[in-house]
Amino acid sequence: MPDEFKPLQGIRVVEMTHMIMGPSCGQVLAYLGAEVIKVEPPAGDKTRHLTGMGRGFFPSFNRGKRSITLDLKSPAGTSTLDKLLQTADVFIENFRDQSLAKMGFAPEALRQKHPKLIVASCKGFLHGPYQDRTAMDEVVQMMTGIAYMTGPKGRPLRIGSSANDIMGGLFGALAVLGALMERRETGTGRALRIGLFENCLMLVMQHMVQFDLDGHEPSPMPEREFSWPVYDIFDTRDQRQIFVGAVTEGHWIILCKSLGLEHLLEDARLQAKMDQIEARVWTLPIFAEAIRKHDFDMLVEIFEASGIPFSPINRPADMYRDPHVMRPGGLHLSHLPDGHTFRAPGLPIEVDGNMPSPTSLDVADVGDDTDAILTEIGLSVSEIHAASGKPQEKSV
């Protein structure tokens, strides 16, 4: 067995977050070996109870964490959180600034009480005119222009996943790692703020820079000006769809030869790459007709052997049948408190040829670890009940 990759072993993270951005930050740190303690209200994180498209939120981003409940509306709850933070290296939160300050846990207050603590605040916006606005993934996608770039003109569309939230959590984890490295030298923590809006700006950066450099405002992706001769979806003979790209001169030559279209290589109108791009209006129907003469599996065999970029048009559920996803280590099994199990991807990295896998990726029930963790920091049974919001058990 290879050595486990747990560079954050011994690091305690207290996470007081909900939905996706904050939990995904803690999830990355858990994968890297940190002990992540999720603080939930007495009734549990409301994200646990989402249905429909929100059904996967909580289990996806809270695997491998410990769970405690604290009633932060009570003095016992807030004083216990403060005591827990004395034992922590990192505190992740995504409360509104005013709510956090009212409880006495504003980042500047925490830094004074706990100089070594790294506070990672996952917010909608960094400091500025919008800092107090309520933000969600869809809100900032509309604000930054990424929704405009995703849908056709007049029909802005959000990205088909919570990519912005997840990337925001990843930036949070990256900032935490940097602060932990710095603390080795300085002995002091940092107050970090991660902005969902600013994260989304990173996603549209290439379009902003194109406009800033040449004054040209790019069209939405469905109507974009193409930079390649072939970069399209085609129908196969067996009524499947396949994406095919030819982005280099070599690709163009190989694709034409693979499909029996050598006459295009000799066409005087197609000798330069810009000529090939500008001729898309009449060459694409030729490629479409040639591809429609082959079954999907045959095309895969041809394109894989020749190095042509291609892809089936998959749905997320198809990933559970994908041979690359289903290889050993590609998915991790997790158990829910009710006994159900699910499979989900891990970190998209390999370390010495292996994908990191924490000891456990199960999802804790609400408050599963309350007694153990609060006892460890010195609370009595009655103090645990007062702090956690658990009803006091009556003696018989």
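Methionine 274 counts as partly exposed, at 49% relative accessibility. The model is predicted.

**Helix H13**
- Methionine 274 lies in helix H13.
- Its C-alpha atom is 8.4 Å from that of serine 227, although methionine 274 and serine 227 are 47 residues apart in sequence.
- Glutamate 278 is also found in helix H13, which covers residues 273-278.
- Glutamate 278 is exposed, because its relative accessible area of 58% is over 50%.
- Between the C-alpha atoms of glutamate 278 and threonine 186 there are 58 Å. Along the chain, these two residues are 92 residues apart.

**Positive phi in two loops**
- Methionine 19 is not a glycine, yet its phi is positive, at about 60°.
- Methionine 19 sits in the loop between strand S1 (12-16) and helix H1 (21-31).
- With 33% relative accessibility, methionine 19 counts as partly exposed.
- Glutamine 239 is a residue other than glycine with a positive phi, near 65°.
- The loop that holds glutamine 239 runs between strand S7 (230-235) and strand S8 (241-246).
- Glutamine 239 has a relative accessible area of 77%, so it is exposed.

**Aromatic pairs**
- A pair of aromatic rings is described by two values: the distance of the centres and the angle of the planes.
- The count comes to seven aromatic pairs.
- One of them joins tyrosine 231 and phenylalanine 243, with ring centres 5.1 Å apart. Their planes meet at 85°, which is over 60, so the pair is edge-to-face.
- Tyrosine 231 lies in strand S7 and phenylalanine 243 in strand S8, so this pair ties together parts that are 12 residues apart in sequence.
- Tyrosine 231 is partly exposed, at 28% relative accessibility.
- The rings of phenylalanine 303 and phenylalanine 310 have centres 6.1 Å apart and planes at 45°, so that pair is tilted.
- Phenylalanine 303 is buried, because its relative accessible area is 0%.
- Phenylalanine 310 has a relative accessible area of 24%, so it is partly exposed.
- One aromatic cluster is formed by Phe125, Tyr130 and Phe197.

**Arginines over rings**
- Arginine 133 lies over the face of tyrosine 130, at 4.0 Å from the ring centre. Tyr130 belongs to the aromatic cluster with Phe125 and Phe197.
- Arginine 240 lies over the face of phenylalanine 296, at 3.7 Å from the ring centre.

Notes
Residues are numbered from 1 along each chain as its sequence is written. This is a predicted model: local features need pLDDT of at least 70, side-chain atom pairs count only at pLDDT 80 or more; totals for chains, interfaces and linings use all residues. Side-chain values use heavy atoms; hydrogens and water are left out. Helices (H or I, at least four residues) and strands (E, at least two) are DSSP runs, numbered from the N terminus. Buried means under 20% relative accessible area, exposed over 50%, partly exposed in between (1.4 Å probe, protein chains only). Rings of Phe, Tyr and Trp (its six-membered ring) pair if their centres lie within 6.5 Å; planes under 30 degrees apart count as stacked, over 60 as edge-to-face and the rest as tilted. A charge sits over a ring if NZ of Lys or CZ of Arg is within 6 Å of the ring centre and within 35 degrees of the ring normal.
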